[in-house]
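Please look over the sequence and the model shown below before reading on.

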Amino acid sequence: MEIRIGALAKRSGCEVVTIRYYEKEGLMPKPARSGGNFRLYGDVHIERLQFIRHCRSLDMTLSEIRALLGLRDNPTQDCGEVNVLLDTHIQQVEVRVESLLQLMQHLLALREQCSGARPVQACGILRGLVNCNCHVVSVEQPNI
């Protein structure tokens, strides 16, 4: 089966420009060309694009995907490198999760700076953003 890039895009849910980018980056093999110089893709391209898209959905970088594809293209190799790559990716995700949890704590602390309806000039959230004090939980003093 040979399909053109538009059909590959529809079939994979991937933008044409993204497919071309993956080709330029060497993640996709060069397609055959028709007599009219249209790119022609086959099952190998569809399967490889699905692999790339699945890796991207797991937030893998193009470099990680390139390494995985290289290993995949050499099926007799030991898969230890695949394990190392995934372990490293998991560690990076753990760091990002910790960072996001810290961000959530800062936002919750900021949210505690203002409760109920009040004039904007008395909004603790806006004051906290100006004073950059959302990183420290502070007790708001009542107006006396």
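Predicted model: local features only at pLDDT ≥ 70, side-chain atom pairs only at ≥ 80, totals over all residues.

Which residue with a positive phi follows helix 3? Helix 3 is followed by Asp59, and the phi of Asp59 is positive, near 65°.

**Overall architecture**

- The protein chain contains six helices and two strands.
- In sequence order these elements give the pattern α-α-β-β-α-α-α-α. The radius of gyration of the protein chain is 25 Å, well over the 15 Å that the globule rule gives for 144 residues, so the chain is more spread out than a compact globule.
- Along its principal axes, the C-alpha trace of the protein chain spans about 80 × 40 × 20 Å.
- Of the contacts in the protein chain with a separation of 6 or more, 45% are between residues 24 or more positions apart.

**Surface, burial and charge**

- Buried residues account for 27% of the 144 residues in the protein chain.
- The protein chain has an accessible surface of about 10200 Å², and carbon and sulfur atoms contribute 58% of that area.
- There are 17 positive and 16 negative side chains in the protein chain, and the centres of these two sets are 11 Å apart.

**Helix 3 and its surroundings**

- Helix 3 covers residues 43-57. Its 15 residues reach 21 Å from the first C-alpha to the last, close to the 21 Å expected at 1.5 Å a residue.
- The buried residues of helix 3 are His45, Ile46, Arg48, Leu49, Ile52 and Cys55.
- These buried residues of helix 3 pack against helix 1 (5-12), helix 2, strand 2 and helix 4.

**Arg48, a charged residue within helix 3**

- Arg48 belongs to helix 3 and counts among the positive side chains of the protein chain.
- Arg48 has a relative accessible area of 12%; buried means under 20%, and Arg48 is therefore buried.
- Leaving aside residues up to four places away in sequence, Arg48 touches Leu27, Met28, Pro29, Leu69, Arg72 and Asp73.

**Helix 4 and helix 5**

- In helix 4, the buried residues are Leu62, Glu64, Ile65, Leu68, Leu69 and Leu71.
- The buried residues of helix 4 pack against helix 2 (16-24), helix 3 and helix 5.
- Helix 5 runs over residues 80-111, and its 32 residues reach 46 Å from the first C-alpha to the last, close to the 46 Å expected at 1.5 Å a residue.
- Leu85, His89, His106, Ala109 and Leu110 are buried in helix 5.
- Packing partners for the buried residues of helix 5 are helix 4 (62-72) and helix 6 (124-131).

**Glu81 in helix 5**

- Glu81 is located in helix 5.
- Glu81 and Gly35 are separated by 46 residues in sequence and by 41 Å in space, C-alpha to C-alpha.

**Loop residues with a positive phi**

- Asn37 is not a glycine, yet it has a positive phi of about 70°. Asn37 is placed in the loop between strand 1 (32-33) and strand 2 (39-40).
- Asp59 has a positive phi of about 65° and is likewise not a glycine. The position of Asp59 is in the loop between helix 3 and helix 4.
- With 35% relative accessibility, Asp59 counts as partly exposed.

Key. Residues numbered from 1 in each chain as written. Heavy atoms only, no water. Helix = DSSP H or I, 4+ residues; strand = E, 2+ residues; numbered from the N terminus. Rg over C-alpha atoms; globule rule 2.2 N^0.38 Å. Buried < 20%, exposed > 50% of the residue type's maximum accessible area, 1.4 Å probe, protein only. Contact = heavy atoms within 4.5 Å. Areas by Shrake-Rupley, 256 points an atom, 1.4 Å probe, with all protein chains shown as cover. Charge placed at Lys NZ, Arg CZ, Asp CG, Glu CD. Expected span 1.5 Å × (residues − 1).
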